[in-house]
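Subject: Handover of a structure

Dear colleague,

Please find the structure below.

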Amino acid sequence: MGLSHPQNLQRTVTAGSIPACVGSLTNLLDDVNVVQANLTFLATIATDPANVIPIVDAGGVQALILSLYRNPESDVIQEAGKRVVAMIVSPDAVIDEVKELQEALVELKASKDEATAERVEMACIGLVAFASCNVDIIVEEGGITALIDTLKWVSQQRRVPKQQEIMDSCFRALEQLSKDPKYVHVSCP
Amino acid sequence: MILLSFSLLSFIHSFIHELYVLFMFANRYQDELWPVLDMEQGVQAIVAAINLHPKQKRTVRTGFRCLAAVSRIHASHEALVENGAIECVTNAMGKNAKELGVVASAISMLQGLGQRNLGGEGIVERGGIKALVKNLKGASTRLQGRDDIGEWGNPTVGMLNVITRCAKVSAFNKSKIRNAQGVDACIAAMLLFPNDDDVQRAGVRCLSELLIDREVVQAVRHLSTYMGMLFLRLSFLYLLFP
């Protein structure tokens, strides 16, 4: 009996595997093998809807977003990560991320401080992860407009914190949104 | 028998579902995403951002990857050509010729653009071929002995594929490429990577588009003098007597 057996799966969850897995993912984002193993595990346990809230509560979404962003070249990580996104990220979370980008950009234009720049970057990184399954929501909520506004404004500034990082994340989000549909293997719910 | 028919039915169901998903995705991407990206002048913004920061290699690379993904949407080709995406890519290829990541992303964008005739014409008209020929001819000093070719792939294959695609578009393009020393560049690339099957195949495809029969014979002699490669000779013989 492997991990796919429902009883074994439930045993691991009861034993506290979710916080352990999310913690390991958060602390070892650049270790491809660790990220790969953790995302594959999360993809398996997220098939049970009862486990979705514990994953989200343990900080799984943030860890998932960062692990997808840091490992763009690994197909296994991208595939498993997108499967988890499809199962645990709600449309409301995507809408919130778009709004967060819009608000943070307005604030950054006014303040140009490091903390707000980080908020803008994190919102863009969030959209990179969510883009695999939520293109229509992102388009409808003005996510593309927000990304292009961010790119236009940030690239024209002389002194803005995290300029390169924000531009990179905008490019990555637009890339994910524009990806050829034949390469999208995840069936969205 | 029941099991067999059940598995056949489930296979048909999953096949129809995959087709449905692909169809929905294809329509959604073409119909919903591009109009918004176009309306917001997305291509212009991306190109401008790359042009404003040409020395930041990572940003240039991610920018080109983004353009490469956009170039897979066929409706975007006109905007890409008009907004200077080709010039942006060729300039960056010249400035970052040793950065394999940048070159690979740039070529990926040109490959996407070359899928349609409009993009193929744009690449030839706007100096894309000249940049590719220059890059192919200078490849000997840049690519030999590099241990990161495995990470990014040999960019020579992509360059040859772009030239082939552009040559297929029209006779005018073909003559332009020949005048820009495309044939020489192609042969130089093949000589540089005699053991790389992908380069050899891409080179043969490229030469078959560019050469007329008399030149094919000369090219075979030229290559045979240097290498005596059976594969190449056979490939050219196949081209002459298919």
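In chain A, the centres of domain 1 and domain 2, taken over C-alpha atoms, are separated by 23 Å. The bounds, which come from an automatic or database domain assignment, are 6-88 for domain 1 of chain A and 91-183 for domain 2 of chain A. Eight residues from domain 1 of chain A and eight residues from domain 2 of chain A form the contact; two residues are in contact if their C-beta atoms, placed from the backbone, lie within 7 Å. On the side of domain 1 of chain A that touches domain 2 of chain A, α5 (60-70) and α6 (75-88) of chain A each supply at least two residues. The largest share of that side, five residues, comes from α5(A). Helices (H or I, at least four residues) and strands (E, at least two) are DSSP runs, numbered from the N terminus. By class, this side of domain 1 of chain A has seven nonpolar residues, no polar and one charged. Ala, Val, Leu, Ile, Met, Phe, Trp, Tyr, Cys and Pro count as nonpolar, Asp, Glu, Lys and Arg as charged, and the others, Gly among them, as polar.

Please note that this is a predicted model, in which local features need pLDDT of at least 70 and side-chain atom pairs count only at pLDDT 80 or more, while totals for chains, interfaces and linings use all residues. Residues are numbered from 1 along each chain as its sequence is written, and chains are lettered from A and ligands numbered from 1 in the order in which they are written.

Chain B has 16 helices and zero strands. Of its 242 residues, 43% are buried (20 or more other C-beta atoms within 10 Å of the residue's own; exposed means 12 or fewer, and partly exposed in between, with C-beta atoms placed from the backbone). In helix α5 (residues 85-95) of chain B, the buried residues include B:I86, B:V89 and B:M93. Among the elements that cover the buried residues of α5(B) are α2 (42-52), α6 (100-113) and α8 (128-137) of chain B.

The contact of α8(B) with helix α11 (residues 155-169) of chain B involves B:I129 and B:L132 of α8(B), among others, and B:M159 and B:V162 of α11(B), among others. This contact has seven nonpolar, two polar and no charged residues.

A colleague
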